[in-house]
Amino acid sequence: MTEIPAGEVPSRSKRADAQRNRQTVLTAAAEVFVTSGVDAPIRQIAARAGVGMATIYRHFPTRADLVTAVYRHQIEACAEAGPKLLAGADSPFDALRRWIDLFVDFLVTKHGLADALQSDSDRFAALHSYFLDRLLPVCAHLLDAALDAGEIRPGTEPYELMRGIGNLCVGRDDDARYDPRRLIALLLRGLQQPQTP
């Protein structure tokens, strides 16, 4: 067994620390983007994450790199949540409703992404494809489970549902009185299969 010289940290530990720092920065950046937009100062993100600005730039050399990474990180979190919610919810429809809440949270964080990546439209197109590739199957699985349980009406396409929810979220920025979640709740009630007495 090789001994590590005093004062040196094993490289595996360094990698684990770097990965933890990266995840902390992504979480902090997502929170800051919600309140301050994607143009928020990097020092604000560093303060929220409890790291130095050099740590952020080491992982994400440009703002576009950071915004893209936050977007991908949140897509993954949303995708991974679907099966977990389905396994732990009272019903498939409840899992669908809770997943849509997470999806709406994700859409709010996404605010400003297109402007931030305006100079790199290929990157944005790749992100949009990634978004659809990861989230459409999750939405489809949740819809199928709710349909098989007799909880929703047949005929709802995952793309239409996600696009409709996205469209309902758009008006949020222009009107402080507008609450997309109320309209999304109405949309979900419309999906539900009427229960026979």
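1. Basis of the note. The model is predicted, so local features are reported where pLDDT is at least 70 and side-chain atom pairs only at pLDDT 80 or more, whereas totals for chains, interfaces and linings use all residues. Residues are numbered from 1 along each chain as its sequence is written, and side-chain values use heavy atoms, with hydrogens and water left out.

2. Overall fold. The chain has 9 helices and 0 strands; helices (H or I, at least four residues) and strands (E, at least two) are DSSP runs, numbered from the N terminus. Along the sequence the pattern reads α-α-α-α-α-α-α-α-α. Of the 197 residues, 36% count as buried, a term that denotes under 20% relative accessible area, with exposed over 50% and partly exposed in between (1.4 Å probe, protein chains only). Among contacts (heavy atoms within 4.5 Å) with a separation of 6 or more, 66% are between residues 24 or more positions apart.

3. Helix H2. In H2 (residues 42-49), the buried residues are Ile42, Ile45, Ala46 and Ala49. They cover an arc of only 100 degrees around the axis, which puts them on the same side of H2; the arc is that of the directions from the helix axis to the C-beta atoms. Exposed residues Arg43 and Ala47 are carried on the face of H2 turned away from its buried side. As a general point, an α-helix has 3.6 residues a turn, so residues three or four places apart point the same way.

4. Glycine 50. This residue follows H2 and has a positive phi, near 75 degrees. Glycine 50 belongs to the loop between H2 and helix H3 (53-59). With a relative accessible area of 65%, glycine 50 is exposed.

5. Helix H8. The 13 residues of H8 should span 18 Å at 1.5 Å a residue, and the end C-alpha atoms are 19 Å apart, which agrees; the expected span is 1.5 Å times one less than the number of residues. Pro158, Leu161, Met162, Ile165 and Cys169 are the buried residues of H8. Viewed down the axis of H8, these buried residues fall within an arc of 95 degrees, so they line one face of the helix. The face turned away from the buried side carries the exposed residues Glu160 and Val170.

6. The whole structure contains 8 salt bridges, each being a side-chain nitrogen of Lys or Arg within 4 Å of a carboxyl oxygen of Asp or Glu. One of them joins the side chains of glutamate 76 and arginine 134 (2.8 Å, N to O). This pair links distant parts of the chain, with glutamate 76 in helix H4 (residues 63-88) and arginine 134 in helix H7, 58 residues apart. Arginine 134 counts as partly exposed, at 29% relative accessibility.

7. Which residues are linked in a network of salt bridges? They are Asp94, Arg97, Arg98, Asp101, Asp105 and Arg181. Arginine 97 pairs with aspartate 94, the closest N and O atoms being 2.3 Å apart. Both residues lie in helix H5 (residues 92-109), 3 residues apart, about one turn of the helix. Arginine 97 is partly exposed at 33% relative accessibility, whereas aspartate 94 is buried at 15%. Arginine 181 forms a salt bridge with aspartate 105, with closest N and O atoms 2.3 Å apart. That pair connects distant parts of the chain: arginine 181 is in helix H9 (residues 180-191) and aspartate 105 in helix H5, 76 residues apart. Arginine 181, at 33%, counts as partly exposed, and aspartate 105, at 38%, is also partly exposed.

8. Glutamate 151. Glutamate 151 lies in the loop between helix H7 (121-148) and helix H8 (158-170). Glutamate 151 is buried yet has no salt bridge, and the nearest side chain of opposite charge, arginine 97, is 9.8 Å away; Lys and Arg count as positive and Asp and Glu as negative, while His and the chain ends are not counted. A polar atom of the glutamate 151 side chain lies 2.7 Å from the backbone nitrogen of phenylalanine 93. Leaving aside neighbours within four places in sequence, the residues in contact with glutamate 151 are Ser91, Pro92, Phe93, Ala146, Leu191, Gln192 and Gln193.

Technical notes:
Polar contact = N/O pair within 3.5 Å; in protein donor to acceptor, adjacent residues only side chain to side chain.
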